[in-house]
Amino acid sequence: MADLAPIASGHGLRFVAGGRTLVAGASLALRPGSTTILIGPNGAGKSTLLKLMTGELKPAGGEILLDGAALHTIPAWRLACQRAVMAQHAKLAFPFTVYEVVRLGVDGVGRALPRQRRETLVGECLAAAGVVELVGRNYQTLSGGEQQRVQFARVLCQLEAGRSVAESQALFLDEPIASLDLCHQLALLDMARGIAARGVAVLVVLHDINLALTYADRLVVMDRGEIVAQGEPSATLDDALLRNVFKVDLSLSRAPAAGLPFLLPQQHRPSAA
Amino acid sequence: MTLAARPAGTMAASSLASFAASRRRQAVLAVASVTLLCLLLTIVAIGQGAFTIAPGRVAEILGTRLFGDAAELQGRDALVVLNIRLPRVLLGLLVGAALAVSGALMQGLFRNPLADPGLVGVSAGAGLAAATTIVLGDRFLASAAMKLPFAVLPLGAFCGGLVSTLTLYLIATRQGRTSVATMLLAGVALGALAASLTGLLAFLSDDRQLRDLTFWSMGSLGGASWTKLVVIAPIVLPLLVAVPLLARGLNGLMLGEAEAYHLGIPVQRIKALAILLVAVSVGASVAAAGVIGFVGIVVPHLIRLAIGPDHRLLLPLSALGGATLLVGADIVARLIVAPAELPIGIVTAAIGAPFFLWLLLRRASTLDG
């Protein structure tokens, strides 16, 4: 996989806000078919890096390429066909129904599609994200987890609609499972990997190190605005990194069956120091 | 398609279909009933007044004018209908539509159901500019022995509307987030400032100008004439036609500016266009009928209750609903103290202010956005 040309890549990205450097010289490449998971402590700059990669924020230095073109030269509509983004929290100002929220994903990007196709697409994405039964509900009255699943359905919809326009696509998910129960956490990450398997480059910001180790093809660790380690998950994370970056004195174990690394917080002892 | 990890079961598919069908039914019902009400009130409004004409006779006169031989239209009935009532009702339809649509646009722009051009000082700003044009324009142009052309007023009111909308937006929006509390408070301050300056102008003005100013500040369709319509209609009608182009963008904006950008919506262009349309339509309607409040908040809210917040239907239906409400309010304004008439702004405020309070009680949380 690593030899494929990246769909999205950032080179030496810097971002400064209010005199503080939030991202300092980060470089990363998102390749087709690969799920990259970005972890790091609070305030490490994960979300900022993701926002730089999606074009929401403009970097103070460095450049971002999407499918070979400089990100800021791509018109908004074309960009929306090439990448979909699920942000951390999406509040709605008006009582839109779940159906209308998901349809937003196809309204702009899929305007060239026949109406019938757009409607079935919305139905398919509602079903894929497991929110069909919420279809007529007011989005504002849903629980946080339900809202997150609906937003995921919307993002799926945009990605599917954009596929008719753009061959190579990227998907960005910023803490997509923060409000989900375990069953839906796993289901959503399974789907993200499924999307990657179709050739999409996927970037996910996660907090759960175990899930990150389980689902990542490539793990990226950030600390204080810098990427401190990246690569194949089991080779990237070690006890020293956990201690230095995450400030926890824990050691990784190996799951008996697949040999995957995992972490038990039960080992944690309040530090004597 | 490989996407459906969990295929839609028959129950899910049927719930989807029944949802779509019920939404369509609601929409058709809403469009039909508002259209019917609008036509009905239009006919009644043309017939009612100091001199009552039966609805049947009104329809007959209008029919003859449109399809028959216009030369047959002699007599008092035809004169009243065609030269006095019809321009007034048409002006009411136009101004009502413009006000309701600009309310809906502003609510979309600020992502809050409480935004309204009357409430947040945009109308007051347009009114101040109109007052300035009346008082100072007369004063400076009088020596040149020129009559102030009516077209200058909409232009002045438009500039006033634009300046106040922009000021409001700049004050209330920081880093792409619009604070609603700031918006409402800044709107109150802007409105008060505009009102005090309008008061100063009233102090400076002569008797005739003072009467004109009173008319601007309370709103009335009384000054309607075909000449006025000819100036206002070419400004407002193209706007009403252009507004649906914004619907998709405004829908996306409901998720937030960043999300709208991710969806491929040209956010800055949509916002600029919405501000411009609000300023132009409020400016034109203030110039034609003075400051009429609350139409922009009552109508879009009722439409949202009936068919949901999708702007593709909300914007055109708001136009229709606003036209209906203003023509209805004008009937009340003309009948309640007949043969005199009440300024229409008083009628809409009497309907709208309690409605606004009810809205606040129902959704106290919307202020904290």
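This is a predicted model: local features need pLDDT of at least 70, side-chain atom pairs count only at pLDDT 80 or more; totals for chains, interfaces and linings use all residues.

Reader: How many helices and strands does the secondary structure of chain B come to?

Author: Chain B has 14 helices and two strands. Of its 369 residues, 48% are buried. Among chain B contacts between residues at least 6 apart in sequence, 79% join residues at least 24 apart.

Reader: Which residues does the contact between the chains take?

Author: It takes 33 residues from chain B and 36 residues from chain A. On the side of chain B that touches chain A, α1 (10-47), α9 (247-253) and α10 (257-262) of chain B each supply at least two residues. By class, that side has 18 nonpolar, nine polar and six charged residues.

Reader: Which residues have the most contacts inside the largest nonpolar core?

Author: In soluble globular proteins, nonpolar side chains tend to be buried together. Here the largest nonpolar core has 196 residues, and those with the most contacts inside it include A:Cys125 and B:Ala130. Helix α3 (residues 75-110) of chain B gives the most to this core, namely 19 residues. Beyond its neighbours within four places in sequence, A:Cys125 contacts A:Val102, A:Ala153, A:Leu156, A:Cys157 and A:Glu160.

Reader: What is the order of the open sheet of four strands in chain A?

Author: The order is β2-β1-β4-β5, with antiparallel pairing. The edge strands, β2 (20-30) and β5 (69-70) of chain A, each pair on one side only. Two bridges join β4 (residues 61-66) of chain A to β5(A), and A:Leu66 stands opposite A:Ala69 in β5(A). Helix α1 (residues 46-54) of chain A lies across β1 (8-17), β2 and β4 of chain A, running at about 120° to β1(A).

Note on methods
Residues are numbered from 1 along each chain as its sequence is written. Chains are lettered from A and ligands numbered from 1 in the order in which they are written. A residue is buried if 20 or more other C-beta atoms lie within 10 Å of its own, exposed if 12 or fewer, and partly exposed in between; C-beta atoms are placed from the backbone. Two residues are in contact if their C-beta atoms, placed from the backbone, lie within 7 Å. Ala, Val, Leu, Ile, Met, Phe, Trp, Tyr, Cys and Pro count as nonpolar, Asp, Glu, Lys and Arg as charged, and the others, Gly among them, as polar. A nonpolar core is a set of buried Ala, Val, Leu, Ile, Met, Phe, Trp, Tyr and Cys residues joined through C-beta atoms within 7 Å. Two strands pair if DSSP finds at least two bridges between them. Axes are lines fitted to C-alpha atoms, for helices over the stretch in contact, and angles run from 0 to 180 degrees between N-to-C directions.
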